Amino acid sequence: MSNNTYEVTDLTSLEKLEPVRVRPGMYIGSTGIKGLHHCLWEILDNAIDEISNGYGDKATIVLNKDKSITVRDNGRGIPTGIHPIKKKSGVEMVFTELHTGGKFNNSNYKTSGGLHGVGAAVVNALSKWVEVEVFQGGKIYKQRFEYGFDKDLKKDMPGTPVSNLKIVGDTEEQGTKVTFMPDKDIFSTIDIKFDIVDQRLMELSFQNKGITLELIDLRGEEEVKKLYYSENGLLDFIRYLNESKTVLHKDPITFSGDREIGDIKMSGEICMEFTDSTSENIMSYVNNIPTTEAGTHESGFKTGMTRAFKEWAKKLNLIKEKDKEFEGDDLREGLTAIIKISLTNPIFEGQTKTKLGNSEAYTMMNDLSYTKISQWIEDNKEVATMIINNAIAAAARKDKIKKINELERKKVGKGTSPLAGKIAICTSKDRKYNEFIVVEGDSAGGSAKQARDRRFQSVMPSKGKIMNTEKQKLENVLASEELKIFNTAIGTGILTNYNEEDLKYDKIIIMSDADVDGYHIRTLWMTYIYRYMRPLIANGHLYMAQPPLYKVYKVVKGKEVAKYAYNEEELDKVKKEIGKGALIQRYKGLGEMNPEQLWETTLNPETRNLMQITIEDAAKAEKMVSLLMGDVVEPRKNYMYKYAEF
């Protein structure tokens, strides 16, 4: 046993905002691109809370040239008065003290997304500097915070006030303006992505009809400015999501309602529409916050909806004795639904607010969905009959998939699996480290089999382009030999039979040439996995290999010195590093690389470049897969015309 003692002197106390700097992941999830955007959402949520509670109607985000970010709203403005006990201004309290805000009771905000009282202070802690301007009572108030010397603690501290809150001018405006510079010593990147912010503002405009949102990007040579406004709210949202899908009924199903349980006041709004897609797409929000991990409000909706349709299936005599009764996931095949709920005192699981935990929300959404959908079915029996028959057919297909999966597992046990001779299987059984690599073409597949580390890397050569599964019926997808091999190797099953515990690999890596055909192959695989094995993406298992475009080399004293470039920008840099006399080889495809080169550039975990595929925004991902890979031509043609130059 160790003889180390544990004394009171071993205890460390972190001061003020230091805990945020030491463990940023506890507050914003990560210090990567997602965490960076989460800081912006924290400030934006405060602006939207003002607007959604009726205290303003406009918010603006500005992406500044120096990579700082500004959020401006026309709400009431952060309180500027001096707190009687703290002897500090409201602005200083909000930006320097955790768990400080006006949202811990319901007197200022009926509903709010920012309930932990840490958002502004966390952003301050993780920034090089923050400037706050408040427009209130005819005056402009200003205060700046920096990572710098704290005179009380006699050391450098995050979020230190440079001065007290000061009046710097007069104004007729009202609201709050926050500008912050993310700390590049904390974040892996401080480049805010225009597309991510664009999508978030679009969703917020759909959820808050009648308000104006604005995005201004000053970072390029020319200013980019975009306005967001929705007249019809969720109706506009569902039309946007289903633009590239074939809708099965004329009008979306919409309903709303309010309820009070104890001291929890709630209002819910649903907009739903059935399409000919094979997958469900449910977008849920609580107080304008996207709940990407769902929660009680979504569970309540699903339960109430299933109960209503099952009861009416019996009333309409649509369930025969020989039929397998449909379940909720069968009913939701092809469903697009938007669930919006507002409530006081929401309980989120985790600071990043991705899952709702209130049991009251389940009760309300269950009752509301059951009641309203039952009424809708009574008035729309013909459409409801079609939906129920589709659910019965989906249940039969699910049973068929299950039998096929069981048959494939039996084949594996008997050694007659389609894997035989097709895949080079790794020797390790440790799924935490194992990698499954899909390689374009037999030539590159042969090199990859030789180059791989056979201890943890399995290789599957792909014949070329798999089918576009967005356009295929389930029966055709199930019949695909190549997809059957892939499914058996991965082990999880597909669609509702997907089971993460059966996953045999930590990383699924698609490796294709860096050309148009290669990108098309990647897209086809991503489409299949997104539709049939989406948890692989959601849980961080899907990657794209990044093979180099160029080898830059020269021979020095009889020995080759070589470096690789993955794009045109890197090529110039690598040429300078190799120096005078450098020769350039451009790879037309993976098949041109010998096993040693393929290992060094693309397979070796220590030297390769992998791009993790994530679903940063579920609405955008759903829209793009449908638009680019679906049957409806016109929206895709318009998109391609718009971005032809890009």
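Accessible areas here come from the Shrake-Rupley method with a 1.4 Å probe.

**Figure 1. The whole chain in overview.** Welcome to a predicted model, whose accessible surface comes to about 31400 Å². Carbon and sulfur atoms hold 49% of that surface. Of the 646 residues in the chain, 52% count as buried. Among contacts with a separation of 6 or more, 69% join residues 24 or more positions apart.

**Figure 2. The largest nonpolar core.** Here 61 residues form the core, and Leu40, Ile61, Phe95, Val132 and Leu201 have the most contacts inside it. Helix α3 (residues 33-52) supplies the largest share, with 9 residues. Because domain 1 (17-230) and domain 2 (234-407) both give residues to this core, it lies between them. Apart from it there is another core, of 38 residues, including Phe274, Phe301, Leu318 and Ala337.

**Figure 3. A closer look at Val132.** Leaving aside residues up to four places away in sequence, which partners does Val132 touch? They are Ile78, Val91, Phe95, Tyr141, Lys142, Gln143, Phe145, Thr176, Lys177 and Val178.

**Figure 4. Helix α10, from end to end.** This helix covers residues 359-379, and at 1.5 Å a residue its 21 residues should span 30 Å. The end C-alpha atoms of α10 are 31 Å apart, which agrees. Which residues of α10 are buried? They are Glu360, Ala361, Met364, Met365, Asn366, Leu368, Ser369, Ile373, Ser374, Trp376 and Ile377. As a handy reminder, an α-helix has 3.6 residues a turn, so residues three or four places apart point the same way.

Methods:
Residues are numbered from 1 along each chain as its sequence is written. This is a predicted model: local features need pLDDT of at least 70, side-chain atom pairs count only at pLDDT 80 or more; totals for chains, interfaces and linings use all residues. Side-chain values use heavy atoms; hydrogens and water are left out. A nonpolar core is a set of buried Ala, Val, Leu, Ile, Met, Phe, Trp, Tyr and Cys residues joined through side-chain atoms within 4.5 Å. Buried means under 20% relative accessible area, exposed over 50%, partly exposed in between (1.4 Å probe, protein chains only). Helices (H or I, at least four residues) and strands (E, at least two) are DSSP runs, numbered from the N terminus. Domain bounds come from an automatic or database domain assignment. Contact means heavy atoms within 4.5 Å. The expected span of a helix is 1.5 Å times one less than its number of residues.
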